[in-house]
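Please read the following report alongside the sequence and the coordinates. The sections go from strand pairing to helix packing and then to individual backbone angles.

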Amino acid sequence: MSERPTVHVVDDDASFARALGRLLGAHGLHARTFGSGAEVLAQITLASRGCVVMDLDLPGLGGLEVQQRLAERRVALPIVFLTGRGDIPSSVRAMRQGAVDFLEKNAPQAQLLAAVSRALAADAARSSLYNRFANLTGRELEILRHVVRGRMNKQIAADLGIHERTVKLHRSAITAKLGVRSSAELASLARDAGVS
Amino acid sequence: MHGTLFVVWTMVGATSLTLAAVHGIVWLLDRRRSPNLAFCLLAVAVAGIARTEFGLARAATVEEYAQWLRWFYVASFGATAGVVLFVRLYFGTGRVWLGWVVVLLRGLVVAGNVLAPAGSSWQVVRLDRIPVFGELAAVSADAVVRPLQWVATSASFVFLAYVFDATVALWRRPERDARRKAALVGGAIIGTRLAATLQAQLIVWGIVAMPVMVSPAFLIMLAAMTYELCRDIVASAHIEKEAHRLRDELAHVARVGTLGELSGSLAHELNQPLGAILRNAEAAKMLLDRHTPDLDELRAIVADIRADDQRAAAIIERMRGLLKRKSLELHAVSLQPLVQEVLALVRNDAAARRVTLDFAMPEELPPVAADRVQVSQVLLNLLVNGIDAVSDANATVRRVAVEARRTGPRTVEVTVADSGHGISPEILPRVFEPFVTTKAKGLGIGLAVSRTIVEAHGGRLWAHNNDRSGATFRFTLPIAEPAT
């Protein structure tokens with residue numbers, strides 16, 4: 001169901017985007033180039049896998065705005081920002097919004113590849129987590145949301161109009177499917193997966 | 001049959017008229033040089049004196065002598081008034097009222113001699129002929145001195161007082177050349193006048209029998225004046241050259257400053273092709289390490305590297321052109337590529353600050369007579385200011401528009417309009433003054449230098465606030481003469 005992991009290279013400078021795409025391709029990665037924020041936003045969906053390598057100073061829709069729009073759409077693709085200038089306020093903001101890395105445009109190849117690998121690894125981990133959650137039924141997810149909020153089984157049963165025992169059954173099914181051992185572990189995993 | 005006297009007077013007259021013509025031309029070419037006009041009038045009057053002196057010497061009868069004497073008074077009035085005017089205009093010192101008294105008194109003498117019957121001040125009743133330089137010249141043997149002659153004599157003394165006063169005042173001035181001018185010109189005038197007055201007294205009172213010969217002395221005065229006037233012209237040429245050099249120098253400093261402000265975005269712009277070249281080279285290396293390199297891909301990489309290298313070179317060339325230090329050179333310049341180049345310099349900076357740049361000009365706009373570098377500088381300065389204004393204003397419409405159009409048969413007008421807050425009314429009349437700035441960092445010389453540059457092109461630069469928002473700066477440039 002999910003797509004092939006792709007490095008989405010976004011830079012208004014076509015030649016630079018092409019060169020970076022070639023380099024990533026030469027390293028055996030699947031890369032696609034985009035000339036603007038709007039272009040890449042049109043392409044990325046919730047099913048997209050991989051990461052985004054994006055110029056921070058894109059004309060029109062800027063890198064930070066693209067990051068924000070992706071977040072609004074709950075797309076959690078890791079983003080590696082490239083910049084021509086060491087712009088500290090922007091980098092701080094980008095990192096706060098969850099960017100994986102922040103690199104100079106002409107950073108050494110090894111550094112660039114390491115950042116992309118980290119981004120891809122983070123996406124892979126998140127994606128496997130997603131797959132685990134994808135096995136949960138609708139009812140189980142609903143109960144999980146209550147659990148994460150710290151509610152007692154009795155309260156959940158009352159809210160959903162079901163038996164407390166049924167809630168307990170669902171909870172053991174959830175822990176089994178996700179492979180967690182404790183409620184604390186369950187809560188942190190759920191938070192990582194964005195269940196709230 | 002002409003003798004030495006004829007030769008002397010002819011030479012004095014011709015020399016005076018030549019000098020008058022030269023200084024008249026100087027004044028015509030540069031109307032600010034009013035002392036040259038005064039000199040011109042004075043020299044014509046001296047030529048008139050020489051002519052009438054010759055007439056007096058050749059007079060056959062007392063009636064004829066009286067006729068020439070009339071004209072002599074007219075000419076010497078011209079010479080006196082000319083010197084008074086010259087001293088006033090050239091020295092710029094002394095008491096003006098003394099000058100007016102001189103002109104008034106000499107005016108009375110002329111009026112008395114021209115309007116009344118001849119000989120109102122000094123009437124020769126008998127002529128004598130004496131040899132002068134081997135030639136016979138008419139001289140007064142007997143004459144009647146009338147009261148008007150005392151007016152003429154007192155005019156001479158007031159004249160001496162006027163010139164002496166002005167000369168002393170000039171001598172005391174702190175300027176470097178003031179003392180030399182005072183000594184040379186003031187001294188020559190006073191010396192000439194003393195000689196002329198002395199001679200007049202000797203002749204009028206019949207102490208010495210000699211023809212009236214004041215014009216050769218006047219020539220010495222004209223020579224002293226000419227020397228100083230020519231020195232001034234040479235000096236002002238030097239000053240002008242120095243002013244041009246300083247203007248170019250200042251323009252260069254301002255240009256370097258503006259580019260300095262843009263250095264961040266220019267480095268960024270340069271980083272694009274450099275980054276692309278680096279990544280392409282790295283990719284090529286990876287491809288070459290394979291068993292079967294993809295040659296088509298490698299060819300594409302090499303082509304891209306080449307194009308990016310040229311792109312980087314073009315950016316450096318643009319900057320280098322603006323960093324060059326050179327004097328103003330006017331050529332026929334097309335505005336279209338010039339504006340495009342300047343826009344390319346600020347594009348990055350504008351994009352980073354979310355400012356849209358617009359440019360519109362008609363296709364058929366003729367080339368302008370301009371110095372490419374300096375006009376680029378003006379435009380760059382106005383654009384940077386415009387972008388700053390829009391950024392500072394935090395406006396929703398973020399736009400700086402450049403427009404060029406023909407506004408007259410010989411004029412092209414370039415406008416740079418921004419959508420910022422506009423210029424506050426207190427600052428607006430002073431924006432082109434040096435060191436007036438609203439920016440936290442910035443010397444405030446950009447606009448002052450820009451105006452100097454535009455004016456050196458024979459154009460105008462001015463600013464006004466827009467009706468809706470922001471300000472517009474406009475400058476004109478002359479259209480280049482079509483090449484012949």
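## Strand pairing around β6 of chain B

In this predicted model, L357(B) has V400(B) as its bridge partner in β6(B). The two strands concerned, β4(B) and β6(B), pair in the parallel sense, and the pairing extends over five bridges. Strand β6 of chain B, residues 399-408, also pairs with strand β7 of chain B, residues 411-418, but here the sense is antiparallel and the pairing runs over eight bridges.

## The five-stranded sheet

These pairings belong to an open sheet of five strands in chain B, whose order is β4-β6-β7-β9-β8 and whose pairing is mixed. The edges are taken by β4 (356-360) and β8 (461-465) of chain B, and because each of them has a single partner strand, one side of each is left without a neighbour in the sheet. On average, and with direction ignored, neighbouring strands of this sheet are turned by 20° against each other.

## Helix packing in chain B

Helix α7 of chain B, residues 215-288, and helix α10 of chain B, residues 372-393, cross at roughly 45°, and their axes come within 10 Å. The relation between α7(B) and α10(B) is therefore classed as oblique, and the crossing in which α7(B) passes α10(B) is left-handed. On the side of α7(B), the contact is made by D248(B), A251(B), A254(B), R255(B), T258(B), L259(B), E261(B) and L262(B), while α10(B) contributes V373(B), Q374(B), Q377(B), L380(B), N381(B) and V384(B). Sorted by class, the residues of this contact comprise seven nonpolar, four polar and three charged.

How are α7(B) and α8(B) oriented to each other? Helix α8 of chain B spans residues 295-323 and packs with α7(B) at an angle of about 170°, the axes being 9 Å apart. Angles over 145 degrees count as roughly antiparallel, and α7(B) and α8(B) are therefore roughly antiparallel to each other. The contact of α7(B) with α8(B) has 21 nonpolar, three polar and eight charged residues.

## A helix pair in chain A

In chain A, helix α7 (residues 153-160) packs with helix α8 (residues 164-178) at an angle of about 110°, and the axes of these helices are 8 Å apart. That angle makes α7(A) roughly perpendicular to α8(A), and the crossing of α7(A) and α8(A) is right-handed.

The contact involves N153(A), K154(A), I156(A) and A157(A) from α7(A), together with E164(A), V167(A), K168(A) and R171(A) from α8(A). By class, the residues of this contact divide into three nonpolar, one polar and four charged.

## Positive phi angles in loops

Which value does phi take at R74(A)? The angle is positive, at about 60°, although R74(A) is not a glycine. R74(A) has its place in the loop between α3 (63-72) and β4 (79-83) of chain A, and with a relative accessibility of 61% R74(A) counts as exposed.

In chain B, R354(B) likewise has a positive phi, near 60°, in a residue other than glycine. R354(B) is found in the loop between α9 (335-352) and β4 of chain B, and at 39% relative accessibility R354(B) counts as partly exposed.

## Chain B as a whole

The secondary structure of chain B comprises 11 helices and nine strands. Of the 484 residues in chain B, 48% are buried. Where contacts in chain B link residues at least 6 apart in sequence, 73% of them join residues at least 24 apart.

Technical notes
Residues numbered from 1 in each chain as written. Chains lettered and ligands numbered in written order. Predicted model: local features only at pLDDT ≥ 70, side-chain atom pairs only at ≥ 80, totals over all residues. Heavy atoms only, no water. Pairing = 2+ DSSP bridges. Helix = DSSP H or I, 4+ residues; strand = E, 2+ residues; numbered from the N terminus. Axes fitted to C-alpha atoms, helices over the stretch in contact; angles between N-to-C directions. Parallel < 35°, antiparallel > 145°, perpendicular 65-115°, else oblique. Left-handed = near helix turned anticlockwise from the far one by under 90°. Contact = heavy atoms within 4.5 Å. Nonpolar A, V, L, I, M, F, W, Y, C, P; charged D, E, K, R; others polar. Buried < 20%, exposed > 50% of the residue type's maximum accessible area, 1.4 Å probe, protein only.
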